Amino acid sequence: MKLFSRIESLGHEQVVVCHDPASKLRAIIAIHDTTLGPSLGGTRLLPYENEDDALTDVLRLSRGMTYKAACAGLSLGGGKAVIIADPKQKTEQMFRAFGRFIDSLGGRYITAEDMNTNVTNMDHIRLETRYVTGVSTGLGGSGDPSIMTAKGIFYGIQEAVNHRLGKRDLNGVKISLQGVGSVGKHLCKMLYEKGVKLFVTDIDDKKLKEIHSLYNATIVAEKDFYSLDVDLYAPCARGATLNSNNIQILKAKIVAGCANNQLEDEDKHSKMLKDMKILYAPDYVINAGGLINVANEITGYDPEKVENEVARIANTLDSIFNESDKQGVSTHEAAKRFAENRIQNVANLKNMTKFASSAIGNLKK
Ligand code: NAD
């Protein structure tokens, strides 16, 4: 019963446990909400310490995908999958077995890349099911979504700077960026080209040196990072980097980056940021560029349409920032209400359509 009460408290529709002994696949698929459309979310592969950690992760991440798709204006619900495995031991057989489980859901869940899964893994899933995005361009996919995620973050940063600092021009703005990986490196380039002064940290020295030489970025040790005197902090590495301790020493006036689940405790820490007059761009709103990119594979990929949809992230953030000011709530709360309103409106519309067709049916009798 513990499982059902957990699922109920987060509002999930379905959780599927997948086991294939031949390939040693152990995976969980969580479908959070399909009101807006089929659930879409990546497959994360990690050697979770125990099953409970894997379940917690997939439940939390799939719910986040519902909010992300709703805020991005997509006709998609929220879902996510985790594979419990060592990244060094992933095999084609494992992903094909996983593809068969996805196929058995008949389109209620569509997958894509996430941590430790890549285009090749998606291509292997594609051999067993059509319910997969982020496949290689040869298979009709759009390739690596990081560049579109970075573009969305860039537009979002411009909007946040405008809202909090009262200017659109990023020239001379000081930004600390944590994690110069796939998204971070593209973002550094875009910011540098607009005259931003960059401060970067990463656990990978080689990547840091490259970013330093390409974009004149100052390398900073992680221990000194949060107290840096900058305008904006961009978390672009892992989740939960912001907690009760380091929020207190932040000098940045804005937090806006691509990492998922940036706040250790979303409700508590988003309020704390608001009280400190630090503008937080909710992660699931600002980092939707990658999702928008793969979602467009389903309807037929049109690069211009993707660019326009990603640029609209700035408009959504603008509405959320304004609502947060107007209602006196955190930006996280404002974004949650924005997503929940859209889902409720669509649910009401569906109920109305159902009622109308049954009423017409009765009239015919
Ligand atoms: P990535 O693995 O390519 O890059 C992450 C970078 O962070 C790496 O350079 C890594 O060395 C660094 N890093 C890891 N731990 C660190 C630490 N403790 N301190 C400093 N640096 C550290 O990942 P990515 O695709 O660039 O994604 C970054 C974040 O954005 C992740 O949280 C991911 O879930 C999220 N995200 C990515 C996309 C996308 O399109 N790739 C979309 C939405 C959200």
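**Exercise 1. How many residues of domain 1 are in contact with how many residues of domain 2?**

Before you start, note that this is a predicted model, where local features need pLDDT of at least 70, side-chain atom pairs count only at pLDDT 80 or more, and totals for chains, interfaces and linings use all residues. Residues are numbered from 1 along each chain as its sequence is written, and side-chain values use heavy atoms, with hydrogens and water left out.

*Solution.* 
- Step 1: find the bounds, which come from an automatic or database domain assignment. Domain 1 covers 3-134, and domain 2 covers 146-289 + 298-304 + 314-333.
- Step 2: count contacts, meaning heavy atoms within 4.5 Å. On the domain 1 side 12 residues take part, and on the domain 2 side 8 residues.

**Exercise 2. Describe the interface of domain 1 and domain 2.**

*Solution.* 
- Step 1: take the buried area, that is, the accessible area (1.4 Å probe) that two parts lose on being put together, summed over both. Here the two domains bury about 770 Å², with 64% of it on carbon and sulfur atoms.
- Step 2: look for the residues in domain 1 that lose the most area to domain 2. These are Arg 60, Lys 68 and Cys 71, together 56% of what that side buries.
- Step 3: ask which element gives the most to the domain 1 side. Helix α2 (residues 51-71) does, with 6 residues; helices are DSSP runs (H or I, at least four residues) and strands likewise (E, at least two), numbered from the N terminus.

**Exercise 3. Which residue forms a salt bridge with Arg 26?**

*Solution.* 
- Step 1: start from the total, which comes to 20 salt bridges.
- Step 2: pick out Arg 26. Its partner is Glu 51, with the closest N and O atoms 3.2 Å apart.
- Step 3: locate both ends. Arg 26 sits in strand β2 (residues 25-33) and Glu 51 in helix α2, 25 residues apart, so the pair links distant parts of the chain.

Definitions and conventions: A salt bridge is a side-chain nitrogen of Lys or Arg within 4 Å of a carboxyl oxygen of Asp or Glu.
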